[in-house]
Amino acid sequence: HSLGGGVVGPVVEGYDAHVAAERMRVDFVANASHELRTPLASIIGYAETLADEAGDDPDLRRRFLRIVGDEARRMQRLVEDLLSLSRIEADKYRLPDQPLDLALLIEEVCAEFAAAGDPRAGDVACTVDPDLPPVTGDRAQLSQLLHNLVGNAMKYGRPGTPVIVTAGRHRGGVRVAVADRGDGVAAEHLPRLTERFYRIDAGRSRTVGGTGLGLAIVKHIAERHRGRLDLQSTLGVGTTIAVTFPAAESAVIKG
């Protein structure tokens, strides 16, 4: 209480929360700017070189143009992920209200990866409980969650090792898990993997095409669907990321 009898505690707590939120916003803008600046600087550098003497060498020109294209696509992926994150956060207080056949969606996503022509497409193995109950969900967002999880496992799992997708009943809900056979993640990094732009090895993330937002998007989608995210990893063995959703109250499935 203040000297005048007013309540100070809630005001201070509200101010602290505001300061923390503002700090997060500033950090996010700074990180996003940095992530965009790096490929942009590369594009400008190679474009300027092409405008000079390097443009006269056909082999060098093709090589530089390929790099410019790669960096532009990297920027495109980052912008798309930033927009996705923004849309998900804007919807976070609007809970999905339509029952969804998650088993069918998982099978569709696995089929998409198999048909995509990726060198690791044959490593994806899906096992789905045929009696999986429906969940209440946003189809587009849950599809993005699944694509992010499977794509992440394909990037960080060792070539030729399986990416195992499973879905089954779990404590009255539905548990979807994606496991890779990669290098694994040290325990101290696990709690931070869903932070925006958090990377254990920034160089490797850029090599495999990561934006640093994939698991942050997964976390926000899971939260909007009242799901629970669980990350487990063993160094030298691999990582399993699971999301448990509550089952839909209604059995009438749409979409």
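In the hairpin formed by strands S4 and S5, where 2 residues lie between the strands, Arg171 adopts a positive phi near 50°. This description rests on a predicted model, in which local features need pLDDT of at least 70 and side-chain atom pairs count only at pLDDT 80 or more, whereas totals for chains, interfaces and linings use all residues. Residues are numbered from 1 along each chain as its sequence is written, and side-chain values use heavy atoms, with hydrogens and water left out.

Strand S4 (residues 163–170) is joined to S5 (residues 173–179) by 7 bridges, and the two run antiparallel; pairing of strands requires that DSSP find at least two bridges between them.

Helix H2 (residues 58–90) contains 33 residues and reaches 48 Å from its first C-alpha to its last, close to the 48 Å expected at 1.5 Å a residue, the expected span being 1.5 Å times one less than the number of residues. Among the buried residues of H2 are Val68, Glu71, Arg74, Asp81 and Leu85, where buried denotes under 20% relative accessible area, exposed over 50% and partly exposed the range in between (1.4 Å probe, protein chains only). Of the 255 residues of the chain, 40% count as buried.

A search of the whole structure finds 1 aromatic pair. The ring centres of Tyr46 and Phe64 are 4.8 Å apart and their planes lie at 65°, so the pair is edge-to-face; rings of Phe, Tyr and Trp (its six-membered ring) pair if their centres lie within 6.5 Å, with planes under 30 degrees apart counted as stacked, over 60 as edge-to-face and the rest as tilted. Because Tyr46 lies in helix H1 (residues 9–51) and Phe64 in helix H2, the pair ties together parts that are 18 residues apart in sequence. Tyr46 is partly exposed, with a relative accessible area of 23%, whereas Phe64, at 9% relative accessibility, counts as buried.

Key: Helix = DSSP H or I, 4+ residues; strand = E, 2+ residues; numbered from the N terminus.
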